Amino acid sequence: LILLTLAAYGASLRNGFVWDDEFTVETNVSIESPGNLRHLFTPEYFGRFGEFTWRPVVTATYFLDRALWGNKPAGHHATSLALHLAVVLLLFLWLSKLLVSEKIAFAVAALQGVHPAFSEAVFCISYREDVLAALFVFAALEAARRRHGAEGLRRMALEGAGAAFALLGCLSKEMAISVYLSLF
């Protein structure tokens, strides 16, 4: 799965900043100072970060990227690719526990890994909200799967983890609310 996904999307590491990346990442001085993280949950968010939607988890990843990679696009793209790989692997894990056939789980995860429908979310840094939402959705679903049959503190911890992942998904992209509603 890793090799297939890298074959499909590894070229993204050679890309520069594209489309909205210029405003949200490349020239956004607000993501340079960790002190600005506090503005993720204030009314100043939209003006300070130049965003039109409130997706603070996504913006927080821009802070992390800037701290790790500076303004080098390859590093930012590596983060997006790593997130996409995590989605593919988590999808495989989740499906392999739910389906009778591990081959089918592999095929579905491989399709997720290479399908061109995800190219925008991987190749354009400022569109990574889809990848982040998917990551947290599958993590929430995996926590929900594991909570069945669990008892006591373990069950409560898995319910809390599922709710936390669902919330992180919603703070990445609004569509993740559908998973939150289906979990409870």
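How close do the axes of helix 4 and helix 5 come, and at what angle do they cross? The axes of helix 4 (residues 56-69) and helix 5 (residues 73-98) come within 9 Å and cross at roughly 130°. This is a predicted model, in which local features need pLDDT of at least 70 and side-chain atom pairs count only at pLDDT 80 or more, while totals for chains, interfaces and linings use all residues. Residues are numbered from 1 along each chain as its sequence is written, and side-chain values use heavy atoms, leaving out hydrogens and water.

**Helix 4 and helix 5**
- Helix 4 and helix 5 are oblique to each other, because angles under 35 degrees count as roughly parallel, over 145 as roughly antiparallel, 65 to 115 as roughly perpendicular and the rest as oblique.
- Asp 65, Arg 66 and Trp 69 of helix 4 make the contact with Gly 75, His 76 and Thr 79 of helix 5 (contact means heavy atoms within 4.5 Å).

**Helix 9**
- Helix 9 (residues 152-170) has 19 residues and reaches 27 Å from its first C-alpha to its last.
- Leu 158, Gly 162, Ala 166, Gly 169 and Cys 170 are the buried residues of helix 9 (buried means under 20% relative accessible area, exposed over 50%, partly exposed in between, with a 1.4 Å probe and protein chains only).
- Seen down the helix axis, the buried residues of helix 9 fall within an arc of 115°, so they line one face.
- The face turned away from the buried side carries the exposed residues Leu 153 and Met 156.

**Phe 118**
- Phe 118 lies in the loop between helix 6 (102-114) and helix 7 (119-123).
- Phe 118 counts as partly exposed, at 27% relative accessibility.
- Neighbours within four places in sequence aside, Phe 118 is in contact with Tyr 9, His 84 and Gln 112.

Conventions. Helix = DSSP H or I, 4+ residues; strand = E, 2+ residues; numbered from the N terminus. Expected span 1.5 Å × (residues − 1). Arc of directions from axis to C-beta. Axes fitted to C-alpha atoms, helices over the stretch in contact; angles between N-to-C directions.
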